Amino acid sequence: MGYPRKLKNCTGHIDGENYLGVIGEFEEPKLALATDDWRGGGMLGPIKIDMGLEGMQATLSMGGHEAALVRKFGTTSAEGVRVRLVGAYQADDGSAAQAVECYIGGRFSEIDLGKSKPGDNTEHKYTVPLVYYRRVVDGIEEIEIDLIAGVFRVDGVDRYAEIMDILTS
């Protein structure tokens, strides 16, 4: 019988500033292949042809007003802000906690300042279309995607290296 690893706690670092106690929630990007249908002569039906990756997007929620983050809105750099999120996951079976780190790069495309009412919880939500994503579990890189540099590495294998070699030689 197994126990699921659950997020026990987390923090976020944005452009080097630690938001321990301030970050409320983080939604990692969905990873999806971009595909096109292809049905050639003699085939019984279409298959999906790999055409690269779909765009990625992450969201962050902060527990209140963070002027430094609002001031990052509208940056002209596609890489915009650099975020490192650190989570501690643990199963309730006595096993050791597991470190999960997510590194993202992109710019805030939307800042939702939500409702403000005295005495109520205040939360600001930041939407970040990504140009860069890397996920590391217990010091081992699980995935790295750099949309600009053409890096698509999963479990240490760069699935796009052969294509990039053709393009850069």
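**Entry 1: a loop residue**

I began with D15, which is found in the loop between β1 and β2. Helices (H or I, at least four residues) and strands (E, at least two) are DSSP runs here, numbered from the N terminus. I noted that this is a predicted model, where local features need pLDDT of at least 70 and side-chain atom pairs count only at pLDDT 80 or more, while totals for chains, interfaces and linings use all residues. Residues are numbered from 1 along each chain as its sequence is written, and side-chain values use heavy atoms, with hydrogens and water left out.

What is phi of D15? I read a value near 50°, which is positive in a residue other than glycine. D15 belongs to the hairpin of β1 and β2, which has two residues between the strands. With a relative accessible area of 39%, D15 is partly exposed. For my own reference, buried means under 20% relative accessible area, exposed over 50%, and partly exposed in between (1.4 Å probe, protein chains only).

I went on to D138, which lies in the loop between β10 (124–137) and β11. Phi of D138 is near 50°, again a positive value in a residue other than glycine. D138 counts as partly exposed, at 45% relative accessibility.

**Entry 2: partners of β1**

Next I followed strand β1 (residues 6–14) to its neighbours. Two strands pair if DSSP finds at least two bridges between them. How many bridges join β1 to β7? I found eight, and β1 and β7 (residues 81–90) run antiparallel. K6 has Q90 as its bridge partner in β7.

**Entry 3: the cysteines**

How many disulfides does the structure hold? My search came back with zero, a disulfide being a pair of cysteine sulfur atoms within 2.5 Å.

**Entry 4: the largest pocket**

I then turned to the pockets. On a 1 Å grid over the protein atoms alone, a pocket is an open set of points where a 1.4 Å probe fits, with protein on both sides within 12 Å along at least five of seven lines; lining residues have an atom within 4 Å of a point. Grid points are joined across faces, edges and corners, and a volume is the space filled by probe spheres set on the points.

The largest pocket holds about 220 Å³ of space. It is lined by 13 residues, of which M51, G52, L53, F152 and Y160 are the closest to its centre. β5 (47–53), β11 (140–146) and β12 (151–154) are the elements that give two or more residues to this lining. The largest share, four residues, comes from β5. I sorted the lining of the largest pocket into eight nonpolar, two polar and three charged residues. In this sorting Ala, Val, Leu, Ile, Met, Phe, Trp, Tyr, Cys and Pro count as nonpolar, Asp, Glu, Lys and Arg as charged, and the others, Gly among them, as polar.

**Entry 5: the second largest pocket**

The second largest pocket has a volume of about 190 Å³. Which of its 14 lining residues are the closest to its centre? They are L7, C10, F26, L85 and Y89. At least two lining residues each come from β1, β3 (23–27), β7 and β8 (98–106). By class I have nine nonpolar, three polar and two charged residues for this lining.

**Entry 6: the whole chain**

Last, I stepped back to the chain, which has two helices and 13 strands. Its radius of gyration is 19 Å, well over the 15 Å that the globule rule gives for 169 residues, so the chain is more spread out than a compact globule. That radius is taken over C-alpha atoms, and the globule rule is 2.2 Å times the number of residues to the power 0.38. The C-alpha trace spans about 65 × 50 × 35 Å along its principal axes. Of the 169 residues, 30% count as buried.
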